[in-house]
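Please examine the structure shown below.

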Amino acid sequence: MKYDYLIVGAGPYGAVFAHEAMKCNKRCLVIDKRDHIGGNIYTEQVEGINVHKYGAHIFHTNDREVWDYVNQFATFNRYTNSPIAKFKDEVYNLPFNMNTFYQLWGVSDPAEAEKKIESQRLQCEQPQNLEEQALSLVGRDIYEKLIKGYTEKQWGRSCKDLPAFIIKRLPVRFTWDNNYFNDQYQGIPVGGYTLIIEKLLEGSEVRLNTDYFAQREYFDSLANKIVYTGMLDEFYDYRFGPLEYRTLRFDSEVLDKPNFQGNAVVNYTDKETPFTRIIEHKHFEFGTQPKTVITREYSKEHENGDEPYYPVNDQKNNARYLNYKELAEREENVIFGGRLAEYKYYDMWQIFRNSLDRVRKELQQA
Ligand code: FAD
């Protein structure tokens, strides 16, 4: 065999696996059907600005080892995610905190804000749908201005028709803190995420524009083992039916001005605005370029040819996934990993964690 590992997918899962295997002198061939490395964390320079091609990506983690690991390959800046919400002509800070409550009700005393929410909460033991769940957690004003329209656009359905489990908790803070994440470490890699992946893949052979399924037998014949990070249902030719996803359409524009919205992330929470967010990429790196690049995000049903983004982890799809998983567990020479092969939404740090754990186990056994 020419290679120890054929790695299908040059996203972060595949790249970490390749890097660790290479360090142990294993020969890796990494293929990706796209024309670039990096998977969904790929960034591309436009007008000197690192554009997050597949949606805004903010690295955040509490895992010290993962944080130290990624910092070997890039310098992270001090970016703190503090999104803004626009509801018609009103502007609010997120996540829900004292700034939001002041903007909503003019209250500056945390106890008063708590009382206000309490007075609006729906008393309901067993919420039957997402609307009841949200109303019981945060009350009517927050729900109607900041949750309802956004969630309905995201899922393409009324909150009354969405299951309650989609929202398990809605963090509410009674401090003046606009930091979206609670994690200890957070930032954006200076120069973009693609640089990290480039460094991880140094020394591996990489073939782009290469779909595993176009020459499956040929690729299988090249390596002792396969690390597969593509869609699990596709690997088994959709024999139990397709696993469903929600997807996004990105509409990017270069504007001939230095600053469009003054913040990297602005959510549009009213129902009338057709997109869910506008990302202004330069603000992730405090850019001072003369132009700016913005991307409007539209949420939609996944159709043939669309990129699969968010797994729809409802009962039907989870049951289908378990059927596929059973088959996957019987494979001796295929390692399945990453968001598509595990049909699960993972943040980047979890992908780094999972891939590191898996490759270490593999190399110990090898
Ligand atoms: P991917 O990055 O998707 O890589 C898989 C690769 O496999 C792809 O390049 C694909 O082309 C390739 N592939 C698939 N099938 C084949 C085939 N048949 N042949 C060849 N190649 C194939 N995480 C955060 O931590 N912070 C964030 O702010 C954040 N924002 C996000 C925003 C959006 C809109 C989305 C969708 C995700 C976000 N994430 C975020 C999650 C992050 O994108 C993922 O954790 C990460 O990309 C998963 O890495 P992966 O290697 O599993 O998959």
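E47 is found in the loop between strand 3 (43-46) and strand 4 (49-52), where strands are DSSP runs of E with at least two residues, helices are DSSP runs of H or I with at least four, and both are numbered from the N terminus. The phi angle of E47 is near 55°, a positive value in a residue other than glycine. Another backbone feature is the cis peptide bond that joins L94 and P95, with omega about -10°. P95 is found in the loop between strand 7 (90-93) and helix 3 (98-105).

This is a predicted model, in which local features need pLDDT of at least 70 and side-chain atom pairs count only at pLDDT 80 or more, while totals for chains, interfaces and linings use all residues. Residues are numbered from 1 along each chain as its sequence is written, and side-chain values use heavy atoms, with hydrogens and water left out.

The protein is divided into domain 1 (3-79 + 185-244 + 311-365) and domain 2 (84-167), with bounds from an automatic or database domain assignment. The C-alpha centres of domain 1 and domain 2 lie 35 Å apart.

| Protein atom | Ligand atom | Distance |
|---|---|---|
| D32, side-chain N or O | oxygen | 2.7 Å |
| H57, polar side-chain atom | oxygen | 2.6 Å |
| Y346, polar backbone atom | oxygen | 2.6 Å |

Taken alone, the ligand exposes 1000 Å², and the protein buries 97% of that; these accessible areas come from the Shrake-Rupley method with a 1.4 Å probe.

What lines the second largest pocket? Its lining consists of L232, Y321, K325, A328, E329, E331, V334, I335, F336, A341, E342 and R358. On a 1 Å grid over the protein atoms alone, a pocket is an open set of points with protein on both sides within 12 Å along at least five of seven lines, a cavity is a set where a 1.4 Å probe fits but cannot get out, and lining residues have an atom within 4 Å of a point. About 290 Å³ of space lies in the second largest pocket, a volume being the space filled by probe spheres set on grid points joined across faces, edges and corners. Helix 10 gives the largest share of the lining of this pocket, four residues. The lining divides into seven nonpolar, no polar and five charged residues.

The structure also holds one cavity of 30 Å³ or more. The largest cavity is lined by Y245, Y309, P311, R339, L340, K344 and Y345.

Notes: A polar contact is a pair of N or O atoms within 3.5 Å; within protein, one must be able to donate a hydrogen and the other to accept it, and residues adjacent in sequence count only if both atoms are side-chain atoms. Ala, Val, Leu, Ile, Met, Phe, Trp, Tyr, Cys and Pro count as nonpolar, Asp, Glu, Lys and Arg as charged, and the others, Gly among them, as polar.
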